[in-house]
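I opened the model to look up a few charged pairs and the sheet around them. My notes follow.

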Amino acid sequence: MALFGNRQQAPAFKNVWVRTIGLAEFSDDTPDGLTVTSGVWYTWRYRVPAQQVVRLGSGAIMNGVDNRGVLMIDIKDDATTPAKLKGDATIQLGYENANQTNFIPIWEGRLDQINDASQAANRMANNVLAEMPPGARQDSYLVVRVRPSETLATAFSDADSDFRVPVTIYTL
């Protein structure tokens, strides 16, 4: 018996699988139609379903084999001819609690590292993301945050943008 009572066992996961989450599944705070403003963090959230733990990324490098998931984020404006958000925009991926009060970043980079939508499955044209613990539990969030480097006279357009975020899902 531990000093403060019995230690709780870590939950036993029943199933584990890998998938890719698209922009349409990030629905809570999608800034569709908001003007692109320099230095402001724009946030997209994916709410973790009941009885699941979801970790950003998938795979790892094991025995010389790289099976990490490909991360692609392509953000465009709502102009007649949609233009990509400037490549030096800052991107953060992370986890947030259910109350949206505690954000834990697990990856940060520049948009030009991960936005070649024409080659979305090509790991050489985009960034790869290994499975990143600790993960988000039921009702918490996976978060994509973007901070543009310049103000534009246009607004974000979900219809012209795309996300492909690899995740690993564990069921309880």
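I began with Arg45, which is buried at a relative accessible area of 8%. Buried means under 20% relative accessible area, exposed over 50%, and partly exposed in between (1.4 Å probe, protein chains only). This is a predicted model: local features need pLDDT of at least 70, side-chain atom pairs count only at pLDDT 80 or more, and totals for chains, interfaces and linings use all residues. Numbering runs from 1 along each chain as its sequence is written, and side-chain values use heavy atoms, leaving out hydrogens and water.

Which residue forms a salt bridge with Arg45? I found Glu96, with the closest N and O atoms 2.3 Å apart. Arg45 lies in strand S2 and Glu96 in strand S7, so the pair ties together parts that are 51 residues apart in sequence. Glu96 is also buried, at 8% relative accessibility. For a salt bridge I require a side-chain nitrogen of Lys or Arg within 4 Å of a carboxyl oxygen of Asp or Glu.

**Other salt bridges.** The search of the whole structure gave 7 salt bridges. One of them joins Asp74 to Lys76, at 3.7 Å between the closest N and O atoms. Asp74 is buried at 3%, while Lys76 is partly exposed at 23%. Arg19 forms another with Glu25, at 2.9 Å. Arg19 is partly exposed at 29%, and Glu25 is partly exposed at 30%.

**The sheet.** I then traced the strands (DSSP runs of E, at least two residues, numbered from the N terminus). 4 strands form an open antiparallel sheet in the order S2-S11-S7-S8. Its edge strands are S2 (42–47) and S8 (103–110), each pairing on one side only. The twist averages 20° from one strand to the next. Strands pair if DSSP finds at least two bridges between them. S7 (residues 90–96) is joined to S8 by 7 bridges. I checked Tyr95: its bridge partner in S8 is Ile104.

**Asn127.** Asn127 sits in strand S9 and is buried at 17%. Beyond four places in sequence, its contacts (heavy atoms within 4.5 Å) include Trp107, Gln113 and Ile114.

**Confidence.** Mean pLDDT (the predictor's confidence in each residue, from 0 to 100) is 84 for the protein chain, with 85% of residues at 70 or more. Where pLDDT is low, the predicted coordinates should not be read in detail.

How values were computed:
Axes are lines fitted to C-alpha atoms, for helices over the stretch in contact, and angles run from 0 to 180 degrees between N-to-C directions.
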